Amino acid sequence: MDWDQFDLNPKVIAALKKADIKSIKEVLNLSGADLQRLMKLSSADIQCLLKTVSHTLRRNSMLTALQLHQDKDHLTSQHQKLSLGCPVLDNLLKGGIPLVGITELAGESSAGKTQISLQLCLCVQYPYKYGGLESGAVYICTEDVFPSKRLQQLIDQQRKLRTDVPAEIIQKIKFGNSIFVEHAADLDTFHNCITKRISLLLTRGMVRLVVIDSIAALFRCEFGVSDSVMKARYLQTFGAQLHSLSTKFRTPIMCINQVTDAVSELEAAQCSCSVMDKRVLPALGITWANQLLMRLMVSRVSQHEPPSGVVPHHSGSVRTLRVIFAPHLPPSSCYYTVKLEGVKGIR
């Protein structure tokens, strides 16, 4: 420990070195009386030392409700978001994806879940001024291979999608070099991935976004009907680990989830997400839902029933993004399409 970097009296620093105290942990493990005896300093000097090292550890000090509301000096990430790269989608989510917490994106096959996730992996690399976090992303595949060809298409089309960003800035960003792909086909591999490999990337500041595609695939074959208690424990454990990473590194966690058919009117009502007369709800049940900060659902719009205000010849590729629950958003929705350049909302 380099005591010279601390704002301490030179005689206190000299006493620490003479007493061979090498870490903050050693200082805090000793009582005030023991420190006085070892360092031969006054009580006032010891209190000053303890206060200084305590402030060093307590980086995230407590905040009042008023400070949280006013977001004084940007001490919280309450109002900071990761842009989705589209003003229509960002407007629906009041700026984008929250930096702290788990966001779920659920929907049927071909609804656009992976497209949105890939677009986020590019958006996170933009400067803060343009809704990014100036860092990379890690993409965990649990069932399918990573869609590298589609990613390259999106990279090539960034100038067309992000017209709000100067071309010279886009040209400087090496998008492909900052997306790390992991494969985890079982629970043990996934646990090792999030506790060791991803934690290392986050610690080094190489990534500020984690995408899991998909969370349901890990549990599809591992547990039977009689294993519901064990399944719930795994979900709670993984939820806690992901929350810890998100909070510690202020990193959004995006979990793609699949859907199942709602077997009762009550389930459909609780989900509030009927999709064109097909009542579906996200997989993994209430245990997983309780781990989430925000739940989003995507669905395809039937070609036979184009939404009002949408040009008919676009109806075959129109999708819906719906906010199911979030602490800062009301239930709401918007339409979007998936084009060669990426996901674009329909005004």
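Predicted model: local features only at pLDDT ≥ 70, side-chain atom pairs only at ≥ 80, totals over all residues.
Two packed helices are described by the angle between their axes and the distance between the axes. Here, helix α11 spans residues 187–203 and helix α13 spans residues 228–249. Their axes come within 11 Å and cross at roughly 5°. Because angles under 35 degrees count as roughly parallel, α11 is roughly parallel to α13. On the α11 side, the contact is made by Leu187, Phe190, His191, Ile194, Thr195, Ile198, Ser199, Leu202 and Thr203. Helix α13 contributes Tyr234, Phe238, Gln241, Leu242, Leu245 and Phe249. Of the residues in this contact, 10 are nonpolar and five are polar, while no charged residue takes part.

The whole structure holds six aromatic pairs. One of them joins Tyr139 and Phe146 in an edge-to-face arrangement, with 5.1 Å from centre to centre and 75° between the planes. Both Tyr139 and Phe146 are buried.

Another pair brings the description back to α13, where Tyr234 and Phe238 lie four residues apart, about one turn of the helix. Their ring centres are 6.0 Å apart and their planes stand at 55°, so this pair is tilted. The two residues can also be described by their accessibility: Tyr234 is partly exposed, at 31% relative accessibility, whereas Phe238 is buried, with a relative accessible area of 2%. Ring pairs link Tyr234 and Phe238 with Phe190 and Phe219 into a cluster.

A ring also meets a charge in this model: the charged end of Arg162 sits over the ring of Tyr126, 4.5 Å from the centre of that ring.

Definitions and conventions
Residues numbered from 1 in each chain as written. Heavy atoms only, no water. Axes fitted to C-alpha atoms, helices over the stretch in contact; angles between N-to-C directions. Helix = DSSP H or I, 4+ residues; strand = E, 2+ residues; numbered from the N terminus. Parallel < 35°, antiparallel > 145°, perpendicular 65-115°, else oblique. Contact = heavy atoms within 4.5 Å. Nonpolar A, V, L, I, M, F, W, Y, C, P; charged D, E, K, R; others polar. Phe/Tyr/Trp six-rings, centres within 6.5 Å; stacked < 30°, edge-to-face > 60°. Buried < 20%, exposed > 50% of the residue type's maximum accessible area, 1.4 Å probe, protein only. Lys NZ or Arg CZ within 6 Å of the ring centre and 35° of its normal.
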